[in-house]
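Please keep the sequence and the model in view while reading.

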Amino acid sequence: MGAGPVGALAALYAARRGYEVDVYELRGGTSVSYSLRLDHTDTFSDLRDASTTPLNFTKSINLALSERGINAMRHSDSPKLLDAVLSETIPMHGRMIHGQDSSENLTEESQQYDVHGRFIRAVDRANLNKHLLDELEGLPNVKLHFFNKLTGVDFNARKAWFERKEAPPQTVDGAQADQDQQPANRPQEFEIDFDLILGCDGAHSSVRYHMMKFLRMDYSQTYIDMLWCEFNIPPADEASKHNSGKGSASATDGFATSPNHLHIWPSDDKMFIAIPSTDKTFTCTLFAPASTFAYLQDHSDEASILAFFQHHFPGVSPNLIASSALHAQFTTNPHLPLISLKCSPHAFPSGGGVILGDAAHAMLPFYGQGMNAGLEDVRVLFSHLDAEAVERRAGTRQAHTEAALQSYSAERVPDAHTINDLASANFWEMHAGVRSPLYLFRKRVEEFLSDKAPWTGFATQYARVSFSNERYSEVTRNVQKQGELLLRGFVGAALLPVASWAAWWVWRYNRASGTGRVALKGGVGVGAWLGGVGERIGRIFT
Ligand code: FAD
């Protein structure tokens, strides 16, 4: 259910295993020029049409694609898929932190993501989705059904109901509108039977909603007090036309600032970020508290918005975005909320359904992991289904699917909760940690150990999350262990001079006092031990 990145990849995995797959998707484009294999006679286009706006997103959102998402595509038995996707990505080797020094000169500081040179990639979400759908379209056992909205599921009877429609209305945050808001001529309804529903229908999942009616599912959701709005930095030549040749010091290759970084303008409780696109533009996001958005809406003239940006995000405008464009983008682009949700379990007990991706764990975007984690869900789910298929000797297919879904849910829930928490915590790292000396010191020590003493197994949390496939729950366990070891090391290192000095005094004292020498010979008690150590250290230092 759902033909977003997670649903499309899940369908591909299922199809490659020989299942008959029907992909139902609420959205579709508006053009009639592109005809896709539909199961009814209309020739609508699908969500690959550029006119389609994704739910909860604006049209052109760029995402950070990292190892987990790449690995999930690597295991999809579609050799050309990954090459096609990666060929349209831009490597981002680190963060570029923008600011201003005490003389009000603009500053840029590059912070590499990884001591071993690994990087994340900027990918156009719509393009990635398109490649996945293209791959599906060529498979004989896959049917794609656009403009089909899931309205009901009975997991026990294994029946689902849909509305076939043309232009679904959307709520303020892009979610599907309530049925009461539908036009008078109601869309056509139909029913299907199914063996297994893979619910990949996003944060406002209908599959999850219906699963909760049949299942004791724990569920929590939070809207954080922050909104986001998209902006766009044009290519360098266009930017300089409007901004009298200004740009950023790291501008290169026709980009207005370095294309190989994720750019961050940190500012107290808000931040502005920019991710490169292959057309030499940057997709930018302003994250700020709702009260800041309210303030800007009350002061939405061009001069006020420019002044706000110059104060909080120096160097953005007019250097990279002309003041008029900044104003136009703030006033016309939607101001969208950020939701974080957790639920457990992710699967229906009798094996009829499972939720994946944002449907199971929509998270804040600050670790760049939402889609990566969703794609990883697919790989992990099918590893459980495959393992059950190998084990299957007696019993029905349904019993084994049920067992696979239960073991999947048991493994994945703690991992989903963990990355959800890490994503929430990472807002601090992005807007404050990147300037915190303690944070940077720990990062450097961990990177040093990872590089020069790989046998220690040390790696930064970021590297474990973004460049490995280690379970998220193990990442936090390992990072915590590392932290404890480092703390002990730092405390030990800090205490060493004090201990050495104390030991030296004990040794001096022992030399001067007969009692002390007796105690030393006895070798008992802390004083004696210190004396022994002191004697040895003392010999070195005197
Ligand atoms: P969606 O992309 O939401 O797809 C769900 C699909 O289901 C949609 O096509 C929808 O139309 C369809 N659907 C919904 N309801 C129904 C219904 N009733 N019937 C039929 N179909 C239905 N992730 C990263 O990995 N890296 C990043 O850098 C990153 N940056 C982000 C930045 C922002 C500002 C935001 C908001 C998110 C970011 N994410 C990032 C998260 C990422 O975008 C999502 O995790 C990802 O898109 C989820 O994919 P999905 O397929 O699970 O859900």
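This is a predicted model: local features need pLDDT of at least 70, side-chain atom pairs count only at pLDDT 80 or more; totals for chains, interfaces and linings use all residues.

1. Residues are numbered from 1 along each chain as its sequence is written, and side-chain values use heavy atoms, with hydrogens and water left out.

2. The ligand is surrounded by 31 residues (a residue is near if one of its heavy atoms lies within 4 Å), and the closest of them are Glu 25, Arg 27, Ala 64, Arg 125 and Asp 358. By class, this shell has 14 nonpolar, 11 polar and 6 charged residues, where Ala, Val, Leu, Ile, Met, Phe, Trp, Tyr, Cys and Pro count as nonpolar, Asp, Glu, Lys and Arg as charged, and the others, Gly among them, as polar.

3. An oxygen atom of the ligand is 2.7 Å from an N or O atom in the side chain of Asp 358, whereas polar backbone atoms lie 3.1 Å from a ligand oxygen at Val 6 and 3.0 Å from a ligand nitrogen at Leu 150. Of the 1,000 Å² that the ligand exposes when taken alone, the protein buries 95% (Shrake-Rupley method, 1.4 Å probe).

4. The structure holds 4 cavities of 30 Å³ or more (on a 1 Å grid over the protein atoms alone, sets of points where a 1.4 Å probe fits but cannot get out).

Key:
A polar contact is a pair of N or O atoms within 3.5 Å; within protein, one must be able to donate a hydrogen and the other to accept it, and residues adjacent in sequence count only if both atoms are side-chain atoms. On a 1 Å grid over the protein atoms alone, a cavity is a set of points where a 1.4 Å probe fits but cannot get out, and a pocket is an open set with protein on both sides within 12 Å along at least five of seven lines; lining residues have an atom within 4 Å of a point. Grid points are joined across faces, edges and corners, and a volume is the space filled by probe spheres set on the points.
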